[in-house]
Amino acid sequence: MTDSTRFVHPYLPQTEDQIKDMLAKIGVSSIDELFNSIPKKLRFSGELKLPKPHTEHQTLSRIKDILQRNKTVDDYDSFLGGGIYHHSIPSALPALINRSEFITSYTPYAPEMSQGMLQGLWEYQSMIAELTQLELVNSSMYDMATALGEAALMCTRVTKKEIFLVPSYLQPERYQTLLTYTKGPQIKVKCYPFDPITGRVNIEELIKIFDTYKDNISGIYIENPNFFGVIEEEVSEVSKIAHNCNGLSVVGIDPISLGILQSPGYYGADIAIGEGQGLGLPMNFGGPLLGLFATKNDKRLARAIPGRIIGLTTEKNSSNRAFTMTLQTREQHIRREKATSNICTNNALCALASNIFLSLIGPNGLKNIAESSMARAAYLAEKLNDIDGIKAPVFTSQFFKEFVFQITKRHHSDKFDEYLIKNGILGGISLTPNFPSLANSYLVSVTELTSYTAINKFVKILKDYLNGKGGN
Amino acid sequence: MYKQANWNKELIFEKSRSKRIGYQIEELTSEDRKRVEKARTNISKTILRESLPKIPELTELEVIRHFTRLSQMNYGVDSGFYPLGSCTMKYNPKICDEVASLPQIQHVHPYQHPSTVQGSLQIMYELAEWLAELSGMSKVTLQPAAGAHGEYTGIMIIREYHATKGNLDKKTEIIVPDSAHGTNPATASMCGFKIVVIPSHEDGCVDLNALRAAVSENTAGVMLTNPSTLGIFEQNIEEIISIIHAVDGLAYYDGANFNAIMGKVRPGDMGFDIVHYNLHKTFATPHGGGGPGSGPVGVVKHLESYLPVPTVGYNQEKNHYYFEYNHPNTIGKIRSYFGNFSVLVRAYAYILRLGNRGLAAVSEMAVLNANYMKKRSQDIKGFSVIYGKDKPCMHEYVLSARDLLRDTGISGLDVSKYLIDQGFHPPTIYFPLIVPEALMIEPTETEAKEVLDGFIEILEEVSDIAYSEEKSRILQAPINTSVKRIDDVKAARNPILSFKMLEEKE
């Protein structure tokens, strides 16, 4: 055979005889003939500049070799957060999520043979509805940043207005994603400031901005806890301000914080979004993540929500329970250019993972994780603040599991990073590049997995650094 | 015989018993408690939770059993043949999952110092290079989280391209063929464009006259997939693209059907400017029941500066990988961080496993399998191929049950339900919209001839039954699954979307 078909490989089952039979049945003499519809001059005739085929062993060796140049949060003590956190992942979780009936399935287009995934996603919706106290939850967005973008678009769809107000403390990537998402529909994003003392949003300033634009405000966004880790207190005031101009109130949450903090549905949110990574997903260098998206169950909102939604119904000819994708007339495969979003593949398996995570930890586990993270973060702040040359926390308001500290002594920030890495510490996100008013300030994060040994070591290393041992 | 598990549909919430726990964390010390109490007093009562959320309480085994049973009521590629057209449900190699589970992949934070993530960056850099080579593009971003997100990235690049030229006022339209996937028009609309739909020619390809009539100075670009959703290669592709380029429009290649062409023809050589890939299709990463996917986007040289930030660069002298933020015309960020990394690393492993020759063989075998099934299935009474009947198809084809419905009253939907009962995932049905009673079949390269034959035999059986008097066997299907036919109308009219809503109704 002149074709390159006899490339023997475990993923390619047809034998030489079978290929002959198949070609005969089709009525062509070679596989190459099947590609005759491609104009000759377009055909690729060279050799692809790609690696040669690797065996499993070679593949694994090559990748493990490359990965020697990665350091993990097991190798180093990490105090990095800012949206992605190193929380507990029960062993039962990967054991379930990697079951091949789940992981190798497609979107449940054939619902009768996909009840497992559908029920799992319906339960996920139920869990998030319970946490947020908002009844209508989609079965996931890509991440919190895109969920925020979609929320801004939804506010305009619902209100027909085009100004979306956000606090100026947004995580930079989240803010930039929002700016991209709002470009197409020409929604204007306006920032309202935070109070440099408390670290919370400045309500008086928000009201001023509101007065200027109130006829055109589609929605007002606030985060709780916010990017600085600070717990926002005037969330219901912000909701009221949004409602005063018939705009929507949008709240961004860290779901872990809901072990301690009130649900956004209680304080007037119309839409809650969040990053679900902390609910059982590894950090994975930042993806895949889980965009939470919940709204009030209100007809106006239900028509406008983006994404897939699973409903509980029955079999056609019995009262037996059955699950199916529903409210699909909002979606791209039916509505095409009039759809509420273009989203198709979402992060279903991540949603299922968080259902399993919440089932395992239960309400008390969620509270314990939240409280343990909070207590350890408070301990770190106390110890850092004891160091001459450090102010911790910078903001006066209570924080959750993250806070901002400031180095008040003169130092060289590049050397600071190097010093930490040299001493086995990952952490401290420098806020200087994005928040010039917060010079020499760093965001640090602590979870229930951050050991006191690690915290004490971090404190000692910082103390040494400021005592001149880092060569600053 | 196929028989799916049929456990009762008790909800995890209904299995909950107060005070059971499924997981423990280190207990809080008395010092911890004091700090929590102190913090609580600093927080306004209005914002503190008064009672615990009502999520279920179960032991570890109960959770394991609940979800194990759910998995037994689900069907994946590992369960059986999954010829879902345009979704490329090929075998997902286990080595790729093994690689993705390494701690050096999972336990890495995106904000770590670049010197501590050189491994991750190298994988991203090389994967992007390989994908660019496969499509004939100049540079690739790995950030998009799914196919539609890749489309979004691509169309935003088209938008920004016209914006930087000061032409956005007149460049208001994106051309999309009527056979396009719904995400194409939905994406263009999200990016602020008007959609101009062009009808297909009777051979299933783009109607050049219709295209010429639709193109104007308002044309910002076109979205095409080649081979088309009908599994047919657009032979006039160069002319189509030159018509678009003539008005300074850009040509976007939807990579849904990339599995047909690896090593055979490259979108860049066809003249396309922007390409997306579905790693969860062509590059065998598991689809996870609806994601996470990954939809990298490649562009030609003159569009590199529009890519989202950052991309990964490499300094050979220092053997150092770094994030490149210098894209002067960047569309900005389209998500947080750098991409669905654990998906990327699976695709990286997959490309290594197949290599250059293997990927070409993948496309060859995918096309062989599709043509074999097309030939055999169009000979079955009641079924036909409407577009491209006598020509070879690419990696998929669209079978029509139009005659079967006309002659016997058995629809494409009924056929799909009967296939389910025999242990096959059905093809994509009722898409593309231009084919009546469509069954879009994509066998992929990883299925053996015996499997394809088994599927064809069932189609023959459906036909025999439909043309006999025993139709009820088809109309009752499926009966071997965990539920029979589902009341979708009730689901939409009386939506019960969470346990909370169920409790309120009961």
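Me: How are residues and chains labelled, and what are the limits for a predicted model?

Reply: Residues are numbered from 1 along each chain as its sequence is written, while chains are lettered from A and ligands numbered from 1 in the order in which they are written. As the model is predicted, local features need pLDDT of at least 70 and side-chain atom pairs count only at pLDDT 80 or more, but totals for chains, interfaces and linings use all residues.

Me: How do α5(A) and α12(A) meet, and which residues make the contact?

Reply: Their axes come within 8 Å and cross at roughly 65 degrees; axes are lines fitted to C-alpha atoms, for helices over the stretch in contact, with angles from 0 to 180 degrees between N-to-C directions. The residues involved include G120(A), L121(A) and Y124(A) of α5(A), and A351(A), L352(A) and N355(A) of α12(A). Residues count as being in contact if their C-beta atoms, placed from the backbone, lie within 7 Å.

Me: What makes α11(B) roughly parallel to α14(B)?

Reply: Helix α11 (residues 341–378) and helix α14 (residues 449–466) of chain B pack at an angle of about 25 degrees, with their axes 10 Å apart. That angle makes α11(B) roughly parallel to α14(B), because angles under 35 degrees count as roughly parallel, over 145 as roughly antiparallel, 65 to 115 as roughly perpendicular and the rest as oblique. The crossing of α11(B) over α14(B) is right-handed. Y372(B) and M373(B) are among the residues of α11(B) that meet L452(B), I456(B) and L459(B) in α14(B).

Me: How do you know that β8(B) and β9(B) pair?

Reply: Strands β8 (residues 311–315) and β9 (residues 320–324) of chain B share five bridges in the antiparallel sense, and therefore they pair, as DSSP must find at least two bridges between two strands. T311(B) stands opposite E324(B) in β9(B). The two strands form a hairpin with four residues between them, and N319(B) in the turn has a positive phi of about 45 degrees.

Me: Why are β10 and β11 of chain B placed at the edges of their sheet?

Reply: The open sheet has three strands in the order β10-β12-β11 of chain B, with antiparallel pairing. Each of β10 (397–400) and β11 (428–429) has a single partner strand, so one side of each is left without a neighbour in the sheet. Two bridges join β11(B) to β12 (residues 438–441) of chain B, and I429(B) has L439(B) as its bridge partner. Helix α13 (residues 412–421) of chain B lies across β11 and β12, running at about 45 degrees to β12(B).

Me: What makes up the contact of chain A with chain B?

Reply: The contact takes 172 residues from chain A and 176 residues from chain B. On the side of chain A, helix α12 supplies the largest share, 23 residues.

Note on methods: Two residues are in contact if their C-beta atoms, placed from the backbone, lie within 7 Å. A crossing is left-handed if the near helix is turned anticlockwise from the far one by less than a right angle, and right-handed if clockwise.
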